[in-house]
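Student: Hi! Could we go through this protein together? I'd like to start with the charged side chains.

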Amino acid sequence: MHSRFTAVAAALIASALVSFRSLAAQQPDTASGLSITANVGLVDATGNTDLTTLSTIERADLRPAGSPWQLTQTFEWVFGNANGQTSANLLNLGGRAAYGISSRIQVFVGVAYGRDRFGGIARQFEEQAGVTLLALDTPVNRLQLEAGGAITRQRTTLGMDDNFVALRAAGDYVHYLAKSTYLEQSVELLPDVDDAADVRINSTSALVAPLSQRFALKVSYVIRFDNVPPPGFKKTDRVLTSGLQVTW
């Protein structure tokens, strides 16, 4: 089983790299306002799982020229195999539509689906709405803040349903060390409006260093904290990822 997973992982990476090299030879479609970023990397995770595995993350943003709308699609998949058994299987899919009220303010709605059986989540649906403020935008620093709410419908691997409404506050800070080299820190806070103890915090720290116009090395450290996790599971999961980032 482990050798088969290794072969599949190697094939996925090789296929991705071939596709990325092909795309790198193309010019970006600036007229459509479409940008896509993809990451393939190695994951070292501790928490509810201890593993070395494959991680793929993708994000697409579409902002038609002259339109106040921005559409965003995200995909994340982490799959691992340890000691002949599946040791990680995390999947997140998301979509979001934002409308620009001004050059610095947007309102948005979004939906997401996720599962993380090794974190106790069989399936999770979430709807979000809120407002985004571009608080700082200079050649060196960029700060974006968000506030709003979220509705979560969740089923645990124990068969328990957990539906709740949460407030949501988030921030994303980028500091450019050079033209295309930057540090990024994002934090998301989700407190349950009915249970003060039920607080979720998601944090991502990343360093991106370019190899060429399209290719870059990326190292990221993700922390997912749930103060009231499903029974029998830990509160915190940590994922360290290093790999290749491609933008076109």
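Student: Okay, which residue forms a salt bridge with Glu126?

Tutor: That would be Arg200, and the closest N and O atoms of the two are 3.5 Å apart. Keep in mind that we are looking at a predicted model.

Student: How many salt bridges does the structure hold?

Tutor: There are 8. One of them joins the side chains of Arg224 and Glu76, at 3.0 Å from N to O. Arg224 belongs to strand S11 (residues 215-226) and Glu76 to strand S3 (residues 69-82), so the pair ties together parts that lie 148 residues apart in sequence.

Student: What about the accessibility of that pair?

Tutor: Arg224 is partly exposed, with a relative accessible area of 24%, while Glu76 counts as buried at 17%.

Student: Which residues are linked in a network of salt bridges?

Tutor: Arg96, Glu146, Arg168 and Glu188. Within that group, the side chains of Glu146 and Arg96 meet at 2.6 Å, N to O. Glu146 is in strand S7 and Arg96 in strand S4 (residues 85-100), so they tie together parts 50 residues apart in sequence.

Student: Tell me about Arg168, then. What does its side chain make polar contacts with?

Tutor: Arg168, found in strand S8, has a polar contact of 2.7 Å with the side chain of Glu188 and another of 3.4 Å with the side chain of Gln128. Arg168 counts as buried, at 10% relative accessibility. Residues it touches include Phe108, Glu146 and Leu190.

Student: Changing topic: what volume does the second largest pocket have?

Tutor: About 210 Å³. It is lined by 15 residues, and the closest to its centre are Gln154, Asp162, Asp198, Val228 and Pro229.

Student: Which strand gives the most to that lining?

Tutor: S8 does, with 3 residues. Strand S7 (141-156) and strand S8 (161-176) each supply at least two.

Student: And what classes of residue make up the lining?

Tutor: The lining of the second largest pocket has 6 nonpolar, 2 polar and 7 charged residues.

Conventions
Residues are numbered from 1 along each chain as its sequence is written. This is a predicted model: local features need pLDDT of at least 70, side-chain atom pairs count only at pLDDT 80 or more; totals for chains, interfaces and linings use all residues. Side-chain values use heavy atoms; hydrogens and water are left out. On a 1 Å grid over the protein atoms alone, a cavity is a set of points where a 1.4 Å probe fits but cannot get out, and a pocket is an open set with protein on both sides within 12 Å along at least five of seven lines; lining residues have an atom within 4 Å of a point. Grid points are joined across faces, edges and corners, and a volume is the space filled by probe spheres set on the points. Helices (H or I, at least four residues) and strands (E, at least two) are DSSP runs, numbered from the N terminus. Ala, Val, Leu, Ile, Met, Phe, Trp, Tyr, Cys and Pro count as nonpolar, Asp, Glu, Lys and Arg as charged, and the others, Gly among them, as polar. Buried means under 20% relative accessible area, exposed over 50%, partly exposed in between (1.4 Å probe, protein chains only). A polar contact is a pair of N or O atoms within 3.5 Å; within protein, one must be able to donate a hydrogen and the other to accept it, and residues adjacent in sequence count only if both atoms are side-chain atoms. Contact means heavy atoms within 4.5 Å. A salt bridge is a side-chain nitrogen of Lys or Arg within 4 Å of a carboxyl oxygen of Asp or Glu. Lists of a residue's contacts leave out its neighbours within four places in sequence.
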